[in-house]
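Subject: Structure for you to look at

Hello,

Here is the structure I said I would pass on. Please open it first, and then read my notes below with it on the screen.

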Amino acid sequence: MREEKSKKLTLLVGATPNPSRFAYFAAGKFIEQGIDFIPIGIKKGKVFGKEILDIRSKPELLNIHTITLYLGEQNQEEWVDYFLSLKPKRIIFNPGAENFEFMRKAQKMGIEAINACNLVMLRTGQF
């Protein structure tokens with residue numbers, strides 16, 4: 001039986017209050033489809049009423065099902081261990097966020113790691 005979308009607490013990495021960014025658009029789709037998410041990044045502000053957590057503080061988060069990355073590979077290195085410590089069930093590397101080494105580390109820990117687009121996954125019922 002597939003898990004309900006609402007139970008897939010998602011960490012939205014690279015969150016921004018800028019409505020022209022894909023991460024912002026993805027947040028809107030999560031809201032539309034009833035997927036609970038936590039926005040995190042270096043930008044301050046709110047995304048659909050949710051305060052963006054400061055990634056630099058590496059907040060302790062529990063029960064993260066999915067980490068979805070809107071952060072380029074060149075900006076991921078200092079956060080890889082933090083993301084893995086959250087023990088998600090999967091990590092989605094959106095276009096522009098692909099990172100073979102990070103994927104390999106996640107897979108070694110039994111975490112599903114996929115190169116995919118949240119927006120396509122949500123539209124086609126694959127999320």
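I start with Asn118, a residue that belongs to helix 4 (residues 118-123). Bear in mind throughout that this is a predicted model.

Is Asn118 buried or exposed? Its relative accessibility is 0%, so Asn118 counts as buried; the cut-off for that word is under 20%. Leaving out residues up to four places away in sequence, Asn118 touches Ala26, Phe30, Thr68, Tyr70, Ile92, Asn94 and Phe127.

Phe127 has Arg90 over its face, 4.4 Å from the ring centre. Phe30 belongs to an aromatic pair, described next.

Aromatic rings

Two values are needed to follow this part. A pair of aromatic rings is described by the distance of the centres and the angle of the planes. How many aromatic pairs are there? The count comes to 6. In one of them, Phe30 and Phe37, the ring centres are 5.7 Å apart and the planes stand at 45°, so this pair is tilted. Phe30 and Phe37 are both buried. Phe37 also has a charged neighbour: Lys50 lies over the face of its ring, at 4.9 Å from the centre.

Another pair is made by Phe83 and Phe102. Here the centres are 6.2 Å apart and the planes are at 10°, so the pair is stacked; the cut-off for stacked is under 30 degrees. Phe83 sits in helix 2 and Phe102 in helix 3, 19 residues apart, and the pair thus links distant parts of the chain. Phe83 has a relative accessible area of 0% and is buried. Phe102 is buried as well, at 1%. Together with Tyr82 and Phe93, these two residues form one aromatic cluster.

Helix 3

Phe102 leads on to its helix. Which residues of helix 3 (residues 100-108) are buried? They are Phe102, Met103 and Ala106. On the face turned away from the buried side are the exposed residues Phe100 and Lys108.

What do the buried residues of helix 3 pack against? Their partners are strand 6 (66-69), helix 2 (80-85), strand 7 (90-93) and strand 8 (112-115). Both ends of the helix have something to look at. At the start, a side-chain oxygen of Asn99 comes to within 3.3 Å of the backbone nitrogen of Glu101. Just after the helix, Gly110 has a positive phi of about 85°.

Nonpolar cores

The largest nonpolar core has 25 residues, and those touching the most other members are Leu11, Val13, Ile67, Leu69, Phe83, Ile91 and Phe102. Strand 1 (10-13), strand 2 (37-41), strand 6, helix 2, strand 7 and helix 3 each give two or more residues to this core. Its largest share, 4 residues, comes from helix 2.

Take Ile67 as an example. Setting aside neighbours within four places in sequence, Ile67 is in contact with Leu11, Val13, Phe83, Leu86, Pro88, Arg90, Ile91 and Ile92. There is also a second, separate core of 16 residues, which includes Ala15, Ala27, Phe37 and Ile52.

To get a sense of distance, pick Gln33 in helix 1 (residues 22-33). Gln33 is partly exposed, with a relative accessibility of 26%. From Gln33 to Ile67 it is 34 residues in sequence and 17 Å in space, C-alpha to C-alpha.

Two backbone angles

Most residues other than glycine have a negative phi. Which way does phi go at Phe48? Phe48 is not a glycine, yet its phi is positive, about 50°. Phe48 is placed in the loop between strand 3 (46-47) and strand 4 (50-51), and at 38% relative accessibility it counts as partly exposed.

Asn63, also not a glycine, has a positive phi of about 60°. Its loop runs between strand 5 (53-54) and strand 6. Asn63 is exposed, with a relative accessible area of 69%.

Regards

Conventions:
Residues numbered from 1 in each chain as written. Predicted model: local features only at pLDDT ≥ 70, side-chain atom pairs only at ≥ 80, totals over all residues. Heavy atoms only, no water. Buried < 20%, exposed > 50% of the residue type's maximum accessible area, 1.4 Å probe, protein only. Contact = heavy atoms within 4.5 Å. Polar contact = N/O pair within 3.5 Å; in protein donor to acceptor, adjacent residues only side chain to side chain. Phe/Tyr/Trp six-rings, centres within 6.5 Å; stacked < 30°, edge-to-face > 60°. Lys NZ or Arg CZ within 6 Å of the ring centre and 35° of its normal. Core = buried A, V, L, I, M, F, W, Y, C linked by side-chain atoms within 4.5 Å.
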